[in-house]
Amino acid sequence: MTPWLQAYGYPILAVSVALEGAAIPLPGGILMAAAAILAAHGELSLAGVLLTCWPAAVAGDNLGYWFGRSGGRRLLLRGGVRRQRLVRLQRFFRRFGGWLIVFGRFFDGTRQLDGLVAGSIRMPWRRFFIADLIGTSLWVFTWVVGLYAFDQHPRLIHRTILHLNPWIATLAAAALALAIWRLLPRRKRPDTRPRPPAEQAD
């Protein structure tokens, strides 16, 4: 990705990050990582990379949200998602959608589709926008500053990651288990209440 950034600079970075958030398959995250490393080598500005990626990520996610709002439900149904599953997903988003928007930015797949799904199930835009501001800021700052610092102090960062990795893996596994449990269909319990005797006909 380095030749792309060296040839086109910040504009190609902004376009890739924004369109990736709108569910268009472009390597926005990879370009952002490459830009952070180039900033560590002095070829780009760290502040310039941050100020390019964060507004682009917010704009792209909101574009994906309005794509979903205008026709995402039909797109998901045509793509094979069953209507009952979509209803469960809507309920899940109503309860945990904010957290999914915040932390979904860190994972491929959810990063590209969160806005589209949130719009398609009519998640309130204000709630989406606030969660997206937090999620994109954490994502951009973590990756850009993290890779920048890693290039400057690799041994110290590597030791820190090794210490934190078990805790991160445990939290991720717990979150995934909770998500799967919430999405699984529920079995109805049999009605064991005593029924009144039937009225005798005259």
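This is a predicted model: local features need pLDDT of at least 70, side-chain atom pairs count only at pLDDT 80 or more; totals for chains, interfaces and linings use all residues.
1. What do the side chains of R105 and D61 form where they meet? They make a salt bridge, with 2.6 Å from N to O. The count for the model comes to one salt bridge. R105 sits in the loop between helix 5 (83-104) and helix 6 (110-120), while D61 belongs to helix 4 (residues 46-78), so the pair ties together parts that lie 44 residues apart in sequence.

2. Now have a look at D132, which is found in helix 7 (residues 125-152). D132 is buried as well, yet it has no salt bridge. The nearest side chain of opposite charge is that of R105, 4.9 Å away; a salt bridge would need the nitrogen and the carboxyl oxygen within 4 Å. Setting aside neighbours within four places in sequence, D132 is in contact with A57, V58, D61, N62 and I101.

3. On to a helix pair. The axes of helix 2 (residues 10-21) and helix 3 (residues 28-40) come within 8 Å of each other and cross at roughly 145 degrees. This crossing is left-handed. Helix 2 brings I12, L13, S16, V17 and E20 to the contact, and helix 3 brings G28, G29, L31, M32 and A35.

4. What is the make-up of that contact between helix 2 and helix 3? Its residues divide into six nonpolar, three polar and one charged.

Terms used
Residues are numbered from 1 along each chain as its sequence is written. Side-chain values use heavy atoms; hydrogens and water are left out. Axes are lines fitted to C-alpha atoms, for helices over the stretch in contact, and angles run from 0 to 180 degrees between N-to-C directions. Helices (H or I, at least four residues) and strands (E, at least two) are DSSP runs, numbered from the N terminus. A crossing is left-handed if the near helix is turned anticlockwise from the far one by less than a right angle, and right-handed if clockwise. Contact means heavy atoms within 4.5 Å. Ala, Val, Leu, Ile, Met, Phe, Trp, Tyr, Cys and Pro count as nonpolar, Asp, Glu, Lys and Arg as charged, and the others, Gly among them, as polar. Buried means under 20% relative accessible area, exposed over 50%, partly exposed in between (1.4 Å probe, protein chains only). Lys and Arg count as positive and Asp and Glu as negative; His and the chain ends are not counted.
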